Amino acid sequence: LCQALVCLESKHWLAKTWCRIEALLAGKCLEKPVYLLPSGGLTAGGSRRGDGWLLSEAKEAVDIGAPRDGQVLPGERQLVERMAELLPGGWQAGASLTWYRL
């Protein structure tokens, strides 16, 4: 079961269809926290908050583009289109998401 998603930040990671779908599935469909790990690494620590543990409280609002507008290999396109059917906006719509920067 998915408890959270940790995305490795790179220069063009949000331009990739797989990254968009993963973040949208975890954040919107499964309603789990999405964390952004900087490419330069992170500092140790965690924070106790309410009834659960968060790895970070540094919230950022981000607009994730439609999966169809991202980069995907031709051989994987049919698979990601089917996966995107699970998303609230489907293959053709992006969404706003709050993630936590580590």
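**Exercise 1. Are Trp-13 and Trp-99 buried or exposed?**

Before you start: this is a predicted model, where local features need pLDDT of at least 70, side-chain atom pairs count only at pLDDT 80 or more, and totals for chains, interfaces and linings use all residues. Residues are numbered from 1 along each chain as its sequence is written, and side-chain values use heavy atoms, with hydrogens and water left out.

*Solution.* Buried means under 20% relative accessible area, exposed over 50%, and partly exposed in between (1.4 Å probe, protein chains only). Trp-13 and Trp-99 are both buried.

**Exercise 2. Work out how the aromatic rings pair up.**

*Solution.*
- Start with the rule: rings of Phe, Tyr and Trp (its six-membered ring) pair if their centres lie within 6.5 Å; planes under 30 degrees apart are stacked, over 60 edge-to-face, the rest tilted.
- That rule gives 2 aromatic pairs.
- Take Trp-13 and Trp-99: centres 5.4 Å apart, planes at 35°, so call this pair tilted.
- Now place them, with helices (H or I, at least four residues) and strands (E, at least two) being DSSP runs numbered from the N terminus. Trp-13 sits in the loop between β1 (5-8) and α1 (17-29), while Trp-99 is in strand β6 (residues 95-101), 86 residues apart.
- Next, Tyr-35 and Tyr-100: with centres 5.6 Å apart and planes at 40°, this pair is tilted.
- Tyr-35 belongs to strand β2 (residues 34-37) and Tyr-100 to strand β6, so the pair ties together parts 65 residues apart in sequence.
- Check burial: Tyr-35 is buried at 3% relative accessibility, and Tyr-100 is buried at 13%.
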